Amino acid sequence: MSDFKIDLPSAKFKQKATLTSLVILLVALLCSYIKFNPLVIFTEFHFLQEFFVEMFPPNYALFYENEGVGQSILQTLSMAFLGTIFGGSIGFILSFFAANNIFQIPFLRNFSKSFLAMIRVIPSLVVILIFVIAVGPGSFAGVLTLIITTIGVFGKLFTEVLENAEEAPSESIYCVGASHLQVIRYSIIPQVLPAFISNLLYAFDLNMRAAIGLGIFGGGGIGYKLYMAMRVLHYQDATALITMIVLMLLIVENTSNFLRGKLLGEKL
Amino acid sequence: MKIAEFKISRYKNIVLPLGGLILLSFLASKSCKIDFSDFGEGIANGTFFITRMFPPDWAAFPDMLQPTFDTILLALLGTFFGTILSLLIAFFAAANLSNPWVRNITRSLISIERSIPELFILLILITAFGLGAVPAIIAIALGCVGMLGKLLADTIEDIPPTLMDSVASIGANKIQIIAFAVMPEIIPNLISYALFRFEVNIRLSVLLGAIGAGGIGYELETSFSLLEYHRAFSALIIVLVLVFSIERLSSFFRNKLKTAIVLK
């Protein structure tokens, strides 16, 4: 055992150390390139502190003094609702034309598949900029944008759900003489409906967030109100609006999660 | 089917929800002041506008390389710092590493963070730090916490307790437990969540760019508002290619990672 040798530090440790130091070096280089110093958070923290002092106390009187606020909350909710319903329905219909096991014309199927893939990559920023020019700023442009993005996100999801539907029920009712449409109606739709509804609830949750963000670019609703409050330096109003938004989103998220859990729990 | 067999009650399950939805969407479109007569005009406007955008301004592409690189860099650095931050927070939000009080408070902070849109974090930070890359990176990093913090905390809670007990039983302290029992378990998940979040952050950094973080989003917004539609179209093409290729790349690596985990 004379040639027994222990490598200290071990090869694995060396490998890890090299990898870590390389990553740190790279990040440091990139940071210096873009002139970002992570320590800035600590050295310039007093700016943030001063700003927070200005933001408090929140001006909750806004909600009953200014009628526009309540209306804009309602507007944001309706935007998300309409975007979800229309976008979800259109996505649902399109996904039938893109599913391998349902639509039998390969050319058209590939066309709708690539249409769904294409609409998925268009960022909502681009869509809202185009719609603001087309129909003018306001919640209508926001709704149209939400419809497009919902189709993009959920068209593909529904296509996958449809393609994962079980074959056996469809085949069995096809054997007893059901037409193609009847197979869809009595075998496919009952299978995918719970997934469809639970995805719609999730889409509503996502669209609420998106609707608030779109407000900045001319989508209307409470996002626009908040943006305006920040721009005219009414920070106390802004704090009130932010707490309202957080509350609203928390409620929507938890309700949607609860309903989804109930739905999937009952049906599965 | 004979008329006599037709009963409305048979369709009760469909008719009632459908009617309710139609009524609700009618009310909602009232509150959004949607006027479908605008829509026809809008289509005409929109198609006219899109024809105005052709062809893209080919000369603008070289100018846009730098902003594109900036956008990717913002997302990359934001994801990196955000992942580290979320990991630190996830240790406090996991039931098997911290005490119940700390866990519940951290969890509710995470879910509050999730409901603040990143755009408004950026607006707040811009007021504090001024325009530029710094507030954008911080906003993206903070935005990661809502999603990654929760996912990582859930992953940590799924670690089998025997693993942590065995390390603890030979005298490891908290930090050693994290280093030798927790980290090796969660690293594959950590990387795959971070890749997914990077995908989200690319879109986000385009969006944040438009309200003052710079990069390709800023180019897009300014060329739209300066009515330079050809230039805007070039920026649009770059954004689409960027988002699409990052998405492909990220899902390719995530699939690789998944097969690597399965093989192991």
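What follows is a short exchange about a predicted model with chains A and B.

Colleague: What makes chain A more spread out than a compact globule?

Modeller: Its helices come first. Chain A has 12 helices and zero strands. The globule rule gives 18 Å for 268 residues, and the radius of gyration of chain A is 26 Å, well over that, so chain A is more spread out than a compact globule. The C-alpha atoms of chain A fill a box of roughly 90 × 75 × 40 Å along the principal axes.

Colleague: How is chain A divided?

Modeller: Into domain 1 (11-49) and domain 2 (62-267). The centres of domain 1 of chain A and domain 2 of chain A are separated by 38 Å, taken over C-alpha atoms.

Colleague: And chain B? Which radius of gyration would a compact globule of 264 residues have, and which does chain B have?

Modeller: The compact globule would be near 18 Å, but chain B has 25 Å. Its C-alpha atoms fill a box of roughly 75 × 70 × 40 Å along the principal axes. Chain B holds 10 helices and zero strands. Read along the sequence, the pattern is α-α-α-α-α-α-α-α-α-α.

Colleague: What does the domain assignment of chain B give?

Modeller: Domain 1 (3-52) and domain 2 (59-263). The C-alpha centres of domain 1 of chain B and domain 2 of chain B lie 37 Å apart.

Colleague: How many of the residues in each chain count as buried?

Modeller: The cut-off is 20 or more other C-beta atoms within 10 Å. In chain A, 38% of the 268 residues count as buried. In chain B, buried residues make up 36% of 264.

Colleague: Why is helix 3 of chain B called oblique to helix 6 of chain B?

Modeller: Take the angle. The axes of helix 3 (residues 61-93) and helix 6 (residues 133-157) of chain B come within 6 Å and cross at roughly 40°. That makes helix 3 of chain B oblique to helix 6 of chain B, because angles under 35 degrees count as roughly parallel and 65 to 115 as roughly perpendicular. Helix 3 of chain B passes helix 6 of chain B in a right-handed crossing.

Colleague: Which classes of residue make up the contact of helix 3 of chain B with helix 6 of chain B?

Modeller: There are 20 nonpolar, seven polar and no charged residues.

Colleague: Why are helix 5 of chain A and helix 10 of chain A oblique to each other?

Modeller: The axes of helix 5 (residues 67-98) and helix 10 of chain A come within 8 Å and cross at roughly 135°. Roughly perpendicular ends at 115, and roughly antiparallel needs over 145. Helix 5 of chain A and helix 10 of chain A are therefore oblique to each other. Helix 5 of chain A passes helix 10 of chain A in a right-handed crossing.

Colleague: Leu193(A) is found in helix 10 (residues 180-214) of chain A. Does it count as buried or exposed, and why?

Modeller: Exposed takes 12 or fewer neighbours. Leu193(A) has 12 C-beta neighbours inside 10 Å, so Leu193(A) counts as exposed. From Leu193(A) to Gly83(A), C-alpha to C-alpha, is 19 Å in space and 110 residues in sequence.

Colleague: Why does Leu88(B) count as it does?

Modeller: Leu88(B) sits in helix 3 of chain B. With 12 C-beta neighbours inside 10 Å, Leu88(B) counts as exposed. Leu88(B) and Ala153(B) are 65 residues apart in sequence and 9.8 Å apart in space, C-alpha to C-alpha.

Colleague: What makes Pro137(A) partly exposed?

Modeller: Pro137(A) has 16 C-beta neighbours inside 10 Å, so Pro137(A) counts as partly exposed. Pro137(A) lies in the loop between helix 7 (124-135) and helix 8 (139-163) of chain A. The C-alpha atoms of Pro137(A) and Ile102(A) are separated by 40 Å, though the two are 35 residues apart along the chain.

Colleague: What is the phi of Leu227(B)?

Modeller: Near 65°, a positive value in a residue other than glycine. Most residues other than glycine have a negative phi. Leu227(B) is found in the loop between helix 9 (216-225) and helix 10 (229-263) of chain B. Leu227(B) has 10 C-beta neighbours inside 10 Å, so Leu227(B) counts as exposed.

Definitions and conventions. Residues numbered from 1 in each chain as written. Chains lettered and ligands numbered in written order. Predicted model: local features only at pLDDT ≥ 70, side-chain atom pairs only at ≥ 80, totals over all residues. Axes fitted to C-alpha atoms, helices over the stretch in contact; angles between N-to-C directions. Helix = DSSP H or I, 4+ residues; strand = E, 2+ residues; numbered from the N terminus. Left-handed = near helix turned anticlockwise from the far one by under 90°. Nonpolar A, V, L, I, M, F, W, Y, C, P; charged D, E, K, R; others polar. Domains from an automatic or database assignment. Rg over C-alpha atoms; globule rule 2.2 N^0.38 Å.
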